[in-house]
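Hello,

Here is the structure I said I would pass on. Please open it first, then read the notes below beside it.

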Amino acid sequence: MILSRILVVAALFSGLGTVPSIAETSAERQSLFQAMLRQPANTDLMLQYARQAVKDQDFEAAVATLERLVDRDPASVEARSELAAAYFALGANEVALYHLNILQGSDALTPDQQRQMARYAEEAQDRTATSSFSGFAQAGFAVLGDNGKVGATASMGLVHRYDPDGPGGTVFITTLRADYLDFGSSTTTGQRSIAFTYGPSLRLAGTQYGPVLRPYLAVRSTHDNKIAFDRDALGFGLSLEAPLTQSWSAFANLEGGRTRYDASTVDGNYVDGQLGLIWFPGRDASVRGSVISQNVDIADPLIESDFRAVRVDFQKRLRPSFAGHDWNVSGFVQTETDSFTSGREDKVKRVGAALQAYITETVYINGEVQFYDRKSNVIGFEKSEPLFSMTVGMEF
């Protein structure tokens, strides 16, 4: 499953980055190394040292130690799983897959560990392919809580990865995302949008999950039912994902270009920026905090604006005792200010939560609730609106 692979792998390898020099080796790891010299046959010390080497992002050292440990104890689930992860980080997917397949066939694994190893193996197989597609599609209904009006909602996403140079090389990524929400002409709530991006993903450290820099071309089109303006945009962006430690990762994105608003038939410039941190409290959980900024420079005071927002997202993957497949629990809180050249200023609060329950490994039911509250210094623009939706979807 795409979402499970992204969450599991991102959490597992969130600490991967450039390989540190010997001078950057942690004091704890140096202490473990000295203890290993005194007790070279102590397998517990070897495993502790290898795990610390992974935290220090020195995967070559971890592999060397874990290979010796697996030679001594081929049945060690802990040593072999750490070895597979280290090889995966270095881009040696075939070797990682070899060890993952051994783990999957082990009777020593619990059912949960078997499922986890299967997810890792699936990701390793995907990473060995030169060209691969992934995506999702979902559709259902939505309800406006203020008037009970029912509408239709649908979303789809598609990602193509082309990896001509193999692991550690440049990957060319194409994404397509479309969203639809409509309650008919009697309400201003509703939107149809499509976004396309294309560009290379540059692995700066040469490892599978090290820092990644991605320049891209973006084409976006949005059509509203509300008192805004339909708009199209063509721009260029640059994104960076930089793992910091085993539990923290930083990200940044800057995009700018030309935009056109149909109602006023004027062109202008836009700049979007985002900066944030991701915390992985566990392999199946993440908390993401970000600050967002957008500027629209266009010859129309009703459109020209400065937008600022702070947002926090969380996600947790779990499996209830009564369920046969995983569930995803997620939510967000966002506060924003939008200041227009005309003098209008809106302050908005958004909050939402979702539950995604998998019927099979790829088919799910998703229930979501959101609340939108806008205060404005201009009469007629205040609005508070709850929104409920239920969709059925499939990942592929």
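**Aromatic rings**

Tyr 49 counts as buried, because its relative accessibility is 8% and the cut-off for buried is under 20%. Bear in mind throughout that this is a predicted model.

A search of the whole structure turned up five aromatic pairs. One of them is formed by Phe 33 and Tyr 49; the ring centres are 6.0 Å apart, the planes are at 45° to each other, and the pair is classed as tilted. Phe 33 belongs to helix α2 (residues 27-38) and Tyr 49 to helix α3 (residues 43-55), so this pair ties together parts that are 16 residues apart in sequence. Phe 33 is partly exposed, at a relative accessible area of 37%, whereas Tyr 49 is buried.

The charged end of Arg 311 sits over the ring of Phe 332, at 4.1 Å from the ring centre. Arg 344 lies over the face of Phe 381, and here the distance to the ring centre is 3.8 Å.

**Salt bridges**

Side chains of opposite charge can pair when their charged atoms come close. How many salt bridges does the structure hold? There are 14.

One of these salt bridges links Arg 192 with Asp 182, with 3.6 Å between the closest N and O atoms. Arg 192 is in strand β4 (residues 190-203) and Asp 182 is in strand β3 (residues 171-182), so the pair ties together parts that are ten residues apart in sequence. Arg 192 counts as partly exposed, at 31% relative accessibility.

Arg 311, already mentioned for its place over Phe 332, also meets Asp 313 in a salt bridge, at 2.9 Å from N to O. Arg 311 is partly exposed, with 22% relative accessibility.

Another salt bridge joins Asp 373 and Lys 375, where the closest N and O atoms are 3.8 Å apart. Is Asp 373 buried or exposed? With 15% relative accessibility, Asp 373 counts as buried.

Ser 193 has Thr 222 in β5 as its bridge partner.

Strand β8 (residues 266-282) likewise takes part in two pairings. With strand β7 (residues 248-261), β8 is antiparallel and joined by 14 bridges; Arg 258 stands opposite Asn 269 in β8. With strand β9 (residues 285-298), β8 is again antiparallel, over 13 bridges; Val 271 stands opposite Asn 295 in β9.

**A surface patch**

Which residues form a nonpolar patch on the surface? They are Phe 141, Val 150, Ile 359, Ile 365, Met 390 and Val 392, and together they have about 530 Å² of accessible area. Phe 141 lies in strand β1 (residues 131-144). Its relative accessible area is 43%, so Phe 141 is partly exposed.

Regards

Key:
Residues numbered from 1 in each chain as written. Predicted model: local features only at pLDDT ≥ 70, side-chain atom pairs only at ≥ 80, totals over all residues. Heavy atoms only, no water. Patch = residues over 30% accessible without salt bridge, like charges linked within 9 Å, V, L, I, M, F, W, Y side chains within 5 Å. Areas by Shrake-Rupley, 256 points an atom, 1.4 Å probe, with all protein chains shown as cover. Salt bridge = Lys/Arg side-chain N within 4 Å of Asp/Glu carboxyl O. Helix = DSSP H or I, 4+ residues; strand = E, 2+ residues; numbered from the N terminus. Buried < 20%, exposed > 50% of the residue type's maximum accessible area, 1.4 Å probe, protein only. Phe/Tyr/Trp six-rings, centres within 6.5 Å; stacked < 30°, edge-to-face > 60°. Lys NZ or Arg CZ within 6 Å of the ring centre and 35° of its normal. Pairing = 2+ DSSP bridges.
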